[in-house]
Structures are given as C-alpha cells and as structure tokens.
Amino acid sequence: MSKKTYVAAVVGLGLVTLSACGSSSDESGSGGSDSKTVTLVSHSSWAVSDDVLKDFEKKSGYTVKVLKDGDAGEAVNKAILSKGNPQGDVFFGVDNTLLSRALDNGIFSSYEAQGLSEVKSQYQLDAGKHRVTPVDTGDICVNYDKKYFEQHDLTPPSSFADLTKAEYKDLLVTENASTSSPGLGFLLGSAAQYGDDGWQAYWKKLKANGVKVVDGWDQAYNEEFSGSAGGKKAGGERPLVVSYASSPPAEAIYSDPQPKTSPVGVAKGTCFRQVEFAGLLDGARNEKGGQALVDFLISKEFQEDMPLNMFVDPVTKNATAPAAYTRYAVPVDDPKTMEPRKIADNRDEWVKSWTSLVLK
C-alpha cells in the first residue's frame, strides 16, 4: 500500500482528488486526441488541492484527466502491459523499489523537465537520460506508540538491531514484503543494513523475537498498532509498526484538538528512503501537454502543496513544506538507501527467501 493510501486510511481525509477531472470510469484512453486534455496515469491514492490544480489548468490551457490504476505495483504493471499504446500521457507513482522494472521495459520517453535544476541531485536516479523526474520523497520506518513506552517505562527502539532485543519481544508488526510497499521497503532497509549475506540472519532473530506479519499497511497500522488515528480508536496491541516517517504529522494534524507533540514516534535508525517519480509515457498522444504536466509536478506550487495532501516531502531546493507539517515532522538524516539496479537484481529472490524464512 502506498503512502498516499496510508493518509486516506489513517485519518479519512477529505482530499480533493483529480478524479473529479476524469477517471477510468468515465472516459477510456489518453486525452491526447483533444490537444487541450492531458491524461495522468497514477495509483489510486493520488491527490492535490483543487485550487492548485485549477491554477495549472488556467495557466497552461490544459484540462487534466486522471486514470487511477490501483496501487503503485499494479499501476506499473499495467503501464508495462500497455507499452507503446499508453492509457495516458504521464505516469506518476513509480518509486525506487520498482523503478528499474519500468525503465527496463522502456515505458517512458526522455524529457528533461523545466525546473529540473531545482531538484536535489540525490533524487535524480536517472540523471543524464531523463526518462523519469523525481517528484517526492519519504521514509519507511518503524513507528512507536509513545504512550505505551511511557506507561511501561521502556525506552523505544532506535535501530534495526534494537528490534531483536528481548525487551521488544512480541511488540513489532510489519507488512508482507511480497504484498506491501512498506513491507518491501523494510526488507530492503534490512538488506542495506546487514548486506546480502546478513539480512536473513537478522530476520531469523526478528522471527524468534515474535515479529507479526500481516498482509498490508492498513491492517498493520489501523488494526494491530496500539496507537493510531489521532487517538480516535482503541487500536491493537502492538506498539511498534512498520509505517512512515510522516505518521507523526498525520496523527497530530488530524487529531482534535491538536496535541503539542505527536503521539507517534519514529525509530530513525530503521528508515529506508523512498523516492517517487513521474515520466512522459512512450507513445503519449499529447506529448506537449504531458511535458507541461511533468513541469508542473516539480513546480514550487505543487511541491509545497504535497505535504498536507500526500504526506510526502518535496524534492526541490526552492520548496518549503507548510509549517503545519514541519511542526510535527521527524527529519531522518541518514536513511538506508539502495541503488535501483541492485534492487532489480535481487528483489524477487530476496522476497522469495524472505517468504520462505518468515512465513513458513
């Protein structure tokens, strides 16, 4: 489940989504046959503020239509299957865990977006070829229920290694790495931490320490985690959950009344960095409109709109997240990372090994 799905699931946000401008349920195919319509293909949780979208449409002269194709993995697979005859003009939502799959299948055309110089260099994973443009970033991390640890006079874990200690036995819930984006990210983070030969031994320790695995983020966070939804629900019994570094601001901002500090903390030493990209689809019917839309996604206006809509961080140097977001945000200074090619070379085998080791 994507981070955007996380936002809707956790707090039931009344987000203004682009589906109002068209979705897969009303018109099929690219809007390119009408030069004033540009079609964005994305995962099901894409969202943007209505006034920001309308401003782009007014300035550019294009009407934006969105086709939503399920979660990120499903959307990428559909884009690959429709290679050369795409559903739309721009694809948004492929992240660094799936990037190589999309690039190797040649679904994008090269386009160097206007404003790309403002995008921080560490996020430009296809630099030089410009098949995709970085749009947002965020971190998959273990979250903890502050109240639980205060009540039990227990220090929260801060690293991967801490999670194997006896004092945290039966406290952690994570998602299935084969069915969940955060579950896969947590697996990749452990592989980045312990290496190709060490991550399996680490997961043996986690299993022995009582880690619980569920299918997806919604079940892990909303049903198993002991602190969620701004205190509006009783929650589950596990005070540690694999989620996102953006959980603290989401919990705090949508609590009523808003607390001085978030009830959720982040174990900073367990984080894995995600970067999400957009690209001009190969065979796009409205190539100029698609280019304008990609430019818009890294504009200052859109970048500063994202944090409170999709609870992700801007990737450009000229954008500043809203104060309401940064007030509760937990900066992660040294997240684990992995080259997309290494992910591509190992992902399927690692998931297969993880499944055999942890679920059987």
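Residues are numbered from 1 along each chain as its sequence is written. Because the model is predicted, local features need pLDDT of at least 70, side-chain atom pairs count only at pLDDT 80 or more, and totals for chains, interfaces and linings use all residues, while side-chain values use heavy atoms, with hydrogens and water left out.

## Helix H6

Helices (H or I, at least four residues) and strands (E, at least two) are DSSP runs, numbered from the N terminus. Helix H6 covers residues 181-194. The expected span of a helix is 1.5 Å times one less than its number of residues. For the 14 residues of H6 that gives 20 Å, and the end C-alpha atoms are 20 Å apart, which agrees.

How much of H6 is buried? A residue is buried under 20% relative accessible area, exposed over 50%, and partly exposed in between (1.4 Å probe, protein chains only). In H6, 10 of the 14 residues are buried, so the helix is largely enclosed by the rest of the structure. Among them are Pro182, Leu184, Phe186, Leu187 and Leu188. Gly183, Gly185 and Gly189 are buried too.

Both ends of H6 have a feature to look for. At the start, a side-chain oxygen of Ser180 comes to within 3.2 Å of the backbone nitrogen of Gly183. This is a polar contact (a pair of N or O atoms within 3.5 Å; within protein, one must be able to donate a hydrogen and the other to accept it, and residues adjacent in sequence count only if both atoms are side-chain atoms). After H6 comes Gly195, with a positive phi near 85 degrees.

## Pockets and cavities

The search uses a 1 Å grid over the protein atoms alone. A cavity is a set of points where a 1.4 Å probe fits but cannot get out. A pocket is an open set with protein on both sides within 12 Å along at least five of seven lines. Lining residues have an atom within 4 Å of a point. Grid points are joined across faces, edges and corners, and a volume is the space filled by probe spheres set on the points.

| Space | Volume | Lining residues |
|---|---|---|
| Largest pocket | about 450 Å³ | 25 residues |
| Second largest pocket | about 350 Å³ | 20 residues |
| Second largest cavity | about 70 Å³ | 13 residues |

Residue classes are as follows: Ala, Val, Leu, Ile, Met, Phe, Trp, Tyr, Cys and Pro count as nonpolar, Asp, Glu, Lys and Arg as charged, and the others, Gly among them, as polar.

Start with the largest pocket. Thr137, Asp313, Pro314, Tyr325 and Pro331 lie nearest its centre. Strand S5 (133-145), strand S10 (313-314) and helix H12 (323-326) each give two or more residues to the lining. S5 has the largest share, three residues. The lining holds 12 nonpolar, seven polar and six charged residues.

The second largest pocket brings back H6. Helix H3 (72-81), H6 and helix H13 (340-358) each supply at least two lining residues. Nearest its centre are Gly73, Leu98, Ser180, Ser181 and Leu184. Its lining has six nonpolar, nine polar and five charged residues.

The whole structure has three cavities of 30 Å³ or more.

## The disulfide

A disulfide is a covalent bond between the sulfur atoms of two cysteines. Here the rule is a pair of cysteine sulfur atoms within 2.5 Å, and the count comes to one. Cys141 is joined to Cys271, with S to S at 2.1 Å. Cys141 lies in strand S5 and Cys271 in strand S9 (residues 264-281), so the pair ties together parts 130 residues apart in sequence. The torsion about the S-S bond is about 115 degrees, so the disulfide is right-handed. Both cysteines are buried.

At 0% relative accessibility, Asn143 is buried. A polar atom of its side chain lies 3.1 Å from the backbone oxygen of Tyr244.

Ser246 sits in the loop between strand S8 (240-244) and helix H9 (247-253). Its relative accessible area is 3%, so Ser246 is buried. A polar atom of the Ser246 side chain is 3.3 Å from the backbone oxygen of Phe311. The C-alpha atoms of Ser246 and Val330 are 7.3 Å apart, although 84 residues separate them along the chain.

Trp354 belongs to helix H13. Trp354 is buried, at 1% relative accessible area. Trp354 and Trp203 are 151 residues apart in sequence, yet 8.0 Å apart in space, C-alpha to C-alpha.
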